[in-house]
Amino acid sequence: MKRLLACVFVAAMVSATPAAYAVQPDEIMADPAKEARARDLSRELRCMVCQNQSIDDSDAPLARDLRLLVRERIATGDSDSQVIDFLVARYGEFVLLKPRFTPHTLLLWLLPPLALIGGGVALWFYSRRRSQSSGANDPSLLRLSEEEQARLERLIAAETTSEKKS
């Protein structure tokens, strides 16, 4: 019983623990509003080393440098869009976890829905062709031939005689 309670307690503590971020205590800004802005911006920026993590989650030294750069730009009075524009100008669109919708990224944004629609259309054509070629409307397929009917009757007769013997 004690082990069960201990397991439940550990599970509750693990699930209640907030996600750990890579932000170090010496990076945190004194103004909570500016820190919240910095954290929000850090979640939108890609770590150039990890590539699938935000700089807020990454422990890489470059991510730390980018976090400090974001906080430095916020401290100088830049708006969120100015900070983003500065980083995009310096590192390119790849620094954004969610790329902007521009003519340059049009294919990136439109390819997934087009692929989904194309797959749905292909599936629809496949199911139509399969239902038409299956011959479900052919009445001759629903009847047994004379040979099949005779074989079925022999099998049924053999089955009933074996059941009578046992």
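Reader: Which residues are linked in a network of salt bridges?

Author: In this predicted model, the network of salt bridges links Arg39, Asp40, Arg43 and Asp56.

Reader: What makes the pair Arg43 and Asp40 a salt bridge?

Author: The side chains of Arg43 and Asp40 meet at 3.0 Å, N to O, and because the rule asks for a side-chain nitrogen of Lys or Arg within 4 Å of a carboxyl oxygen of Asp or Glu, the pair counts as a salt bridge. Both residues lie in helix α2, three residues apart, which is about one turn of the helix.

Reader: Why is Arg43 called partly exposed, and why Asp40?

Author: Buried means under 20% relative accessible area and exposed means over 50%, with partly exposed in between. Arg43 has a relative accessible area of 37%, so Arg43 is partly exposed, and Asp40, with 42%, is therefore partly exposed as well.

Reader: How many salt bridges does the rule give, and which residue does Arg71 meet in one?

Author: By this rule the count comes to eight salt bridges, and in one of them the side chain of Arg71 meets that of Glu35 at 2.7 Å, N to O. This pair links distant parts of the chain, since Arg71 belongs to helix α3 and Glu35 to helix α2, 36 residues apart. Arg71 is buried, and so is Glu35.

Reader: What makes Arg100 and Asp85 a salt bridge, and where do the two residues lie?

Author: Their side chains meet at 2.7 Å, N to O, and because the cut-off is 4 Å, this pair meets the rule. Arg100 lies in the loop between α4 and α5 (106-133), whereas Asp85 lies in helix α4, and the pair, 15 residues apart, links distant parts of the chain. Arg100 is at 30% relative accessibility and so counts as partly exposed, while Asp85, with a relative accessible area of 39%, is partly exposed too.

Reader: Which residues have the most contacts inside the largest nonpolar core, and which elements give two or more residues to this core?

Author: The largest nonpolar core has 18 residues, and those with the most contacts inside it are Leu45, Ile55, Val70, Ile74 and Leu87. Two or more residues come from each of α2 (32-44), α3 (61-75) and α4 (80-91), and α3 gives the most, with five residues. Val70 touches Ala38, Leu41, Leu45, Ile55, Val83 and Leu87, when residues up to four places away in sequence are not counted.

Reader: How do α2 and α4 pack, and which residues make the contact?

Author: The helices α2 and α4 pack at an angle of about 40 degrees, with their axes 11 Å apart, and their crossing is right-handed. The contact is made by Arg37, Leu41 and Glu44 of α2 together with Asp80, Val83 and Ile84 of α4. By class, this contact of α2 with α4 has three nonpolar, no polar and three charged residues.

Reader: How many helices and strands does the protein chain have, and how much of the chain is buried?

Author: The secondary structure of the protein chain comes to six helices and zero strands, and the pattern along the sequence is α-α-α-α-α-α. Buried residues make up 20% of the 166 residues in the protein chain.

Key. Residues are numbered from 1 along each chain as its sequence is written. This is a predicted model: local features need pLDDT of at least 70, side-chain atom pairs count only at pLDDT 80 or more; totals for chains, interfaces and linings use all residues. Side-chain values use heavy atoms; hydrogens and water are left out. A nonpolar core is a set of buried Ala, Val, Leu, Ile, Met, Phe, Trp, Tyr and Cys residues joined through side-chain atoms within 4.5 Å. Buried means under 20% relative accessible area, exposed over 50%, partly exposed in between (1.4 Å probe, protein chains only). Helices (H or I, at least four residues) and strands (E, at least two) are DSSP runs, numbered from the N terminus. Contact means heavy atoms within 4.5 Å. Axes are lines fitted to C-alpha atoms, for helices over the stretch in contact, and angles run from 0 to 180 degrees between N-to-C directions. A crossing is left-handed if the near helix is turned anticlockwise from the far one by less than a right angle, and right-handed if clockwise. Ala, Val, Leu, Ile, Met, Phe, Trp, Tyr, Cys and Pro count as nonpolar, Asp, Glu, Lys and Arg as charged, and the others, Gly among them, as polar.
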